[in-house]
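I went through this model to look up its surface, its sheet and its charge pairs. My entries follow.

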Amino acid sequence: DLVPFLPRPDADRAFADIDFGRSRAYSFATGGQIFLGEASGARTDSAYASRLAEELAQIPHPETGEPAFEVRRKEELYRGPYLDKAPELVLLARDERIYLDSSRRDWETAFERHDHLDPETFYGYSGHHGLDGIFAAAGPGIRPADLPPGAEITQLPATLLRLLGLAAEGMDAAPLEEILEAAEAPATAVEPAAISPSEQPVYSEEEERRMIERLRDLGYE
(Lines give C-alpha, C1' and ligand atoms only; values in the text may rest on other atoms or scores of the structure.)
Protein backbone atom coordinates (compact mmCIF):
# COMPACT_ATOMS: atom_id res chain seq x y z
CA ASP A 1 0.00 0.00 0.00
CA LEU A 2 2.90 2.36 0.69
CA VAL A 3 4.70 1.86 -2.64
CA PRO A 4 3.62 4.51 -5.16
CA PHE A 5 2.61 3.82 -8.75
CA LEU A 6 1.63 0.19 -8.07
CA PRO A 7 -1.92 -0.95 -8.86
CA ARG A 8 -4.24 -0.39 -5.97
CA PRO A 9 -5.66 -3.55 -4.36
CA ASP A 10 -9.31 -4.37 -4.77
CA ALA A 11 -11.68 -2.97 -2.17
CA ASP A 12 -12.70 -6.53 -1.29
CA ARG A 13 -9.21 -7.53 -0.21
CA ALA A 14 -9.80 -9.04 3.24
CA PHE A 15 -8.95 -12.62 2.28
CA ALA A 16 -6.39 -11.63 -0.36
CA ASP A 17 -3.96 -10.68 2.42
CA ILE A 18 -3.88 -14.24 3.83
CA ASP A 19 -1.46 -16.84 2.50
CA PHE A 20 -3.80 -19.79 2.96
CA GLY A 21 -1.24 -22.31 1.72
CA ARG A 22 1.10 -21.62 4.64
CA SER A 23 -1.08 -20.08 7.34
CA ARG A 24 -1.88 -22.40 10.23
CA ALA A 25 -3.99 -19.80 12.04
CA TYR A 26 -5.17 -16.31 11.25
CA SER A 27 -7.37 -13.70 12.88
CA PHE A 28 -10.07 -12.03 10.88
CA ALA A 29 -12.20 -8.96 11.69
CA THR A 30 -12.96 -7.91 15.25
CA GLY A 31 -13.82 -9.81 18.38
CA GLY A 32 -10.87 -12.18 18.65
CA GLN A 33 -11.95 -14.61 15.93
CA ILE A 34 -9.25 -17.19 15.23
CA PHE A 35 -9.57 -19.42 12.16
CA LEU A 36 -7.38 -22.43 11.42
CA GLY A 37 -5.94 -22.97 7.95
CA GLU A 38 -7.49 -25.62 5.75
CA ALA A 39 -4.79 -25.83 3.09
CA SER A 40 -2.07 -26.12 5.73
CA GLY A 41 -3.92 -28.94 7.49
CA ALA A 42 -4.24 -27.06 10.79
CA ARG A 43 -8.01 -27.20 10.77
CA THR A 44 -8.01 -30.98 11.12
CA ASP A 45 -5.14 -31.04 13.61
CA SER A 46 -6.87 -31.21 17.00
CA ALA A 47 -3.55 -31.28 18.86
CA TYR A 48 -2.50 -28.01 17.22
CA ALA A 49 -5.84 -26.37 18.05
CA SER A 50 -5.52 -27.39 21.70
CA ARG A 51 -1.92 -26.19 21.91
CA LEU A 52 -2.80 -22.86 20.30
CA ALA A 53 -5.73 -22.39 22.70
CA GLU A 54 -3.44 -23.03 25.68
CA GLU A 55 -0.83 -20.56 24.42
CA LEU A 56 -3.43 -17.86 23.78
CA ALA A 57 -4.88 -18.38 27.25
CA GLN A 58 -1.44 -17.70 28.75
CA ILE A 59 -1.03 -14.23 27.19
CA PRO A 60 -0.55 -11.90 30.17
CA HIS A 61 -2.50 -8.72 30.83
CA PRO A 62 -0.16 -5.79 30.08
CA GLU A 63 -0.80 -4.22 33.51
CA THR A 64 -1.57 -7.03 35.94
CA GLY A 65 0.31 -9.93 34.42
CA GLU A 66 -2.73 -12.16 34.92
CA PRO A 67 -4.17 -14.12 31.94
CA ALA A 68 -5.75 -11.55 29.67
CA PHE A 69 -8.07 -13.79 27.66
CA GLU A 70 -10.52 -16.60 28.02
CA VAL A 71 -10.31 -18.88 24.99
CA ARG A 72 -13.49 -20.61 23.87
CA ARG A 73 -13.96 -23.30 21.22
CA LYS A 74 -16.62 -22.75 18.59
CA GLU A 75 -18.67 -25.70 19.84
CA GLU A 76 -19.09 -23.86 23.14
CA LEU A 77 -20.53 -20.73 21.51
CA TYR A 78 -22.30 -21.66 18.29
CA ARG A 79 -24.65 -24.27 16.92
CA GLY A 80 -26.67 -24.79 13.80
CA PRO A 81 -26.13 -25.79 10.17
CA TYR A 82 -23.32 -23.25 9.63
CA LEU A 83 -21.17 -24.24 12.59
CA ASP A 84 -18.42 -25.31 10.21
CA LYS A 85 -17.97 -21.69 9.09
CA ALA A 86 -17.51 -20.33 12.62
CA PRO A 87 -14.04 -19.41 13.95
CA GLU A 88 -12.34 -22.35 15.64
CA LEU A 89 -11.30 -20.25 18.63
CA VAL A 90 -12.69 -17.04 20.10
CA LEU A 91 -10.70 -14.82 22.45
CA LEU A 92 -12.76 -13.09 25.14
CA ALA A 93 -11.00 -10.34 27.04
CA ARG A 94 -11.27 -10.72 30.81
CA ASP A 95 -10.78 -6.95 31.10
CA GLU A 96 -13.42 -5.15 29.05
CA ARG A 97 -11.05 -2.25 28.49
CA ILE A 98 -9.21 -4.52 26.05
CA TYR A 99 -10.66 -4.32 22.58
CA LEU A 100 -9.63 -7.15 20.25
CA ASP A 101 -9.07 -6.42 16.60
CA SER A 102 -7.14 -7.98 13.74
CA SER A 103 -4.95 -5.66 11.73
CA ARG A 104 -2.90 -5.72 8.55
CA ARG A 105 -0.34 -3.33 10.06
CA ASP A 106 2.91 -4.52 11.60
CA TRP A 107 2.56 -3.12 15.12
CA GLU A 108 5.55 -2.78 17.44
CA THR A 109 3.62 -4.23 20.38
CA ALA A 110 0.62 -6.53 20.73
CA PHE A 111 -1.09 -4.13 23.15
CA GLU A 112 -1.48 -0.43 22.54
CA ARG A 113 -2.98 1.92 25.11
CA HIS A 114 -5.24 4.74 23.94
CA ASP A 115 -5.90 7.44 26.50
CA HIS A 116 -8.00 9.44 24.04
CA LEU A 117 -10.51 8.18 21.50
CA ASP A 118 -9.80 9.27 17.95
CA PRO A 119 -12.91 8.90 15.78
CA GLU A 120 -10.82 9.31 12.60
CA THR A 121 -9.02 6.03 13.20
CA PHE A 122 -10.07 2.47 13.91
CA TYR A 123 -9.67 2.97 17.67
CA GLY A 124 -12.39 5.58 17.86
CA TYR A 125 -14.80 3.12 19.48
CA SER A 126 -15.79 2.80 23.10
CA GLY A 127 -18.18 0.82 25.30
CA HIS A 128 -19.27 -1.89 22.90
CA HIS A 129 -19.22 -5.68 22.89
CA GLY A 130 -18.99 -5.93 26.66
CA LEU A 131 -19.57 -9.41 28.06
CA ASP A 132 -21.70 -8.15 30.95
CA GLY A 133 -24.64 -5.94 30.08
CA ILE A 134 -27.44 -4.10 31.87
CA PHE A 135 -30.98 -5.45 31.87
CA ALA A 136 -34.05 -3.53 33.01
CA ALA A 137 -37.72 -4.44 32.56
CA ALA A 138 -41.00 -2.97 33.77
CA GLY A 139 -44.66 -3.17 32.82
CA PRO A 140 -47.52 -5.68 32.62
CA GLY A 141 -46.38 -9.22 33.28
CA ILE A 142 -43.10 -8.12 34.90
CA ARG A 143 -42.35 -8.52 38.60
CA PRO A 144 -39.34 -7.11 40.48
CA ALA A 145 -36.60 -9.72 40.79
CA ASP A 146 -32.87 -10.21 40.55
CA LEU A 147 -31.57 -11.98 37.50
CA PRO A 148 -30.19 -15.42 38.27
CA PRO A 149 -26.46 -16.05 37.86
CA GLY A 150 -25.65 -17.02 34.31
CA ALA A 151 -28.60 -15.22 32.69
CA GLU A 152 -27.90 -14.59 29.00
CA ILE A 153 -29.15 -12.35 26.22
CA THR A 154 -30.30 -15.50 24.36
CA GLN A 155 -33.13 -15.77 26.91
CA LEU A 156 -34.76 -12.51 25.81
CA PRO A 157 -36.68 -13.84 22.75
CA ALA A 158 -38.33 -16.57 24.82
CA THR A 159 -39.10 -14.03 27.56
CA LEU A 160 -40.78 -11.69 25.07
CA LEU A 161 -42.87 -14.55 23.66
CA ARG A 162 -44.08 -15.43 27.14
CA LEU A 163 -45.03 -11.79 27.79
CA LEU A 164 -47.16 -11.97 24.63
CA GLY A 165 -48.84 -15.13 25.86
CA LEU A 166 -47.09 -17.34 23.31
CA ALA A 167 -45.24 -20.59 23.86
CA ALA A 168 -41.45 -20.38 23.87
CA GLU A 169 -40.60 -23.97 22.95
CA GLY A 170 -37.81 -24.49 20.45
CA MET A 171 -35.92 -21.29 21.31
CA ASP A 172 -32.19 -21.22 21.99
CA ALA A 173 -32.75 -20.57 25.69
CA ALA A 174 -35.55 -20.61 28.28
CA PRO A 175 -37.46 -17.49 29.43
CA LEU A 176 -36.30 -15.48 32.44
CA GLU A 177 -38.92 -16.95 34.74
CA GLU A 178 -37.70 -14.91 37.71
CA ILE A 179 -39.04 -11.64 36.26
CA LEU A 180 -42.30 -13.02 34.85
CA GLU A 181 -45.57 -12.94 36.72
CA ALA A 182 -47.58 -16.16 36.71
CA ALA A 183 -49.69 -16.36 33.55
CA GLU A 184 -53.48 -16.60 34.01
CA ALA A 185 -53.87 -18.77 30.91
CA PRO A 186 -51.59 -21.34 29.28
CA ALA A 187 -49.32 -20.03 26.56
CA THR A 188 -50.60 -20.35 23.01
CA ALA A 189 -48.52 -22.47 20.67
CA VAL A 190 -47.79 -20.87 17.31
CA GLU A 191 -47.19 -22.89 14.17
CA PRO A 192 -44.68 -21.39 11.73
CA ALA A 193 -46.37 -19.96 8.67
CA ALA A 194 -45.65 -21.51 5.31
CA ILE A 195 -43.84 -18.92 3.19
CA SER A 196 -43.52 -19.31 -0.57
CA PRO A 197 -40.21 -17.90 -1.83
CA SER A 198 -40.48 -15.08 -4.30
CA GLU A 199 -38.67 -15.16 -7.62
CA GLN A 200 -38.20 -11.41 -7.52
CA PRO A 201 -34.85 -10.18 -6.13
CA VAL A 202 -35.03 -8.13 -2.95
CA TYR A 203 -31.84 -6.14 -3.62
CA SER A 204 -30.18 -4.92 -6.78
CA GLU A 205 -26.82 -6.45 -7.81
CA GLU A 206 -25.00 -3.34 -6.59
CA GLU A 207 -26.83 -3.40 -3.25
CA GLU A 208 -25.98 -7.07 -2.78
CA ARG A 209 -22.32 -6.44 -3.64
CA ARG A 210 -22.05 -3.61 -1.13
CA MET A 211 -23.88 -5.60 1.54
CA ILE A 212 -21.60 -8.64 1.10
CA GLU A 213 -18.53 -6.42 1.19
CA ARG A 214 -19.72 -4.78 4.38
CA LEU A 215 -20.47 -8.14 6.03
CA ARG A 216 -17.00 -9.40 5.12
CA ASP A 217 -15.49 -6.27 6.68
CA LEU A 218 -17.35 -7.17 9.86
CA GLY A 219 -15.96 -10.68 9.86
CA TYR A 220 -18.69 -12.71 8.19
CA GLU A 221 -18.06 -15.04 5.28
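**Surface patch**

The model is predicted: local features need pLDDT of at least 70 and side-chain atom pairs count only at pLDDT 80 or more, while totals for chains, interfaces and linings use all residues. Residues are numbered from 1 along each chain as its sequence is written, and side-chain values use heavy atoms, without hydrogens and water.

I placed valine 202 in the loop between helix H3 (156-163) and helix H4 (205-217). Valine 202 is exposed at 69% relative accessible area (buried is under 20%, exposed over 50%, partly exposed in between). Helices (H or I, at least four residues) and strands (E, at least two) are DSSP runs, numbered from the N terminus.

**Sheet**

I traced an open sheet of 4 strands in the order S1-S2-S4-S3, with antiparallel pairing (a pair needs at least two DSSP bridges). Strand S1 (25-27) and S3 are the edges; each has a single partner strand, so one side of each lacks a neighbour in the sheet.

I then checked strand S4 (residues 89-93), where 5 of 5 residues are buried. Leu89, Leu91 and Ala93 point one way from S4, and Val90 and Leu92 the other way. Strand S3 (residues 69-73) pairs with S4 over 5 bridges, and glutamate 70 stands opposite leucine 92. Strand S2 (residues 33-36) is joined to S4 by 2 bridges; glutamine 33 has valine 90 as its bridge partner.

**Charge pairs**

I searched the whole structure and got 14 salt bridges (a side-chain nitrogen of Lys or Arg within 4 Å of a carboxyl oxygen of Asp or Glu). In one of them, arginine 97 and glutamate 63 have their closest N and O atoms 3.2 Å apart. Arginine 97 is in the loop between S4 and H3 and glutamate 63 in the loop between H1 and S3, so this pair ties together parts 34 residues apart in sequence. Arginine 43 and glutamate 38 form another, at 2.3 Å. Arginine 43 is partly exposed at 24%, whereas glutamate 38 is exposed at 57%. I also noted a salt-bridge network linking Glu38, Arg43, Lys74, Asp84 and Glu88.

How values were computed
Buried < 20%, exposed > 50% of the residue type's maximum accessible area, 1.4 Å probe, protein only.
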